[in-house]
Amino acid sequence: MEKKILIATYSWSGHTKRLANQIAKLLSGADQYQIAVPAGTYDLTDMYATSDRAKNQLATGELPPLANPIPELDQYNLILVGSPVWSGQPAVPVKQFLNQLTNFAGHLAPFYTDAGVANTLPKDAGAASGLINTMHQIGSSVGLALIVGVTGGMTHGVASYRQSLLMSTICAAIALVIIVFVVIPGEQRENQLKLKH
């Protein structure tokens, strides 16, 4: 029997599901599986309440059960797993799904969405997601290079570690100032303009 592709997706707000549908159009013959949890597990109107609940589930190890039975996995040689990003990691229901794949002998490949691409047009979502991922990688690399460059000429020991920590703190403080005084006010102005129209 010829092996197939399964697209398994958890979608809290619908964005990840739309991306999964676009992928399914490109992969004719792929099956789709909706990773779902019982109704009421998460507040579907409050992202912050959902985040708090998910963090508690991770801390206690009490992941929610899956509402949909998992299909017979022997018929697939590739599973594409789609998830929103919750606090920098896959959504809790996706972790529960992955826990059920201990005997799967094929390949897994992830795709994800995050809040940074929530308002983009569907045709631009892939590029926006790639840009955000690239900026995360470049930002951490540049920050590390800056810290190493500043402290590299110092003698090794406690003084260089202190200097590294000081540089890290300064970079974090600059990022916080930019967020508080540039990013948040910009979003507030944009939301006010939307309300006026």
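Visitor: Does G14 count as buried or exposed, and why?

Guide: This is a predicted model. A residue counts as buried under 20% relative accessible area. G14 has 18% relative accessibility, so G14 is buried. G14 sits in the loop that links β1 to α1 (15-26). Its C-alpha is 9.6 Å from that of P84, although the two are 70 residues apart in sequence.

Visitor: Which residues of α1 are buried?

Guide: An α-helix has 3.6 residues a turn, so residues three or four places apart point the same way. In α1 the buried residues are T16, A20, I23 and A24. These residues lie on the same side of α1, because their arc around the axis is only 100°. K25 and L26, on the other side of α1, are exposed.

Visitor: What covers the buried residues of α1?

Guide: The cover includes β1, β2 (31-34), β3 and β5 (107-113).

Visitor: How many residues has the largest nonpolar core?

Guide: In soluble globular proteins, nonpolar side chains tend to be buried together. Here the largest nonpolar core has 20 residues, and those with the most contacts inside it include Y10, Y42, W86 and F97. Two or more residues each come from β1 (4-9), β3 (76-86) and α3 (92-99). β3 gives the largest share, four residues. A second, separate core has seven residues, among them I23, A24, L80 and F111.

Visitor: What does Y42 touch?

Guide: Leaving out residues up to four places away in sequence, the contacts of Y42 include Y10, W12, V37, R53, P64 and W86.

Terms used: Residues numbered from 1 in each chain as written. Predicted model: local features only at pLDDT ≥ 70, side-chain atom pairs only at ≥ 80, totals over all residues. Heavy atoms only, no water. Core = buried A, V, L, I, M, F, W, Y, C linked by side-chain atoms within 4.5 Å. Buried < 20%, exposed > 50% of the residue type's maximum accessible area, 1.4 Å probe, protein only. Contact = heavy atoms within 4.5 Å. Arc of directions from axis to C-beta.
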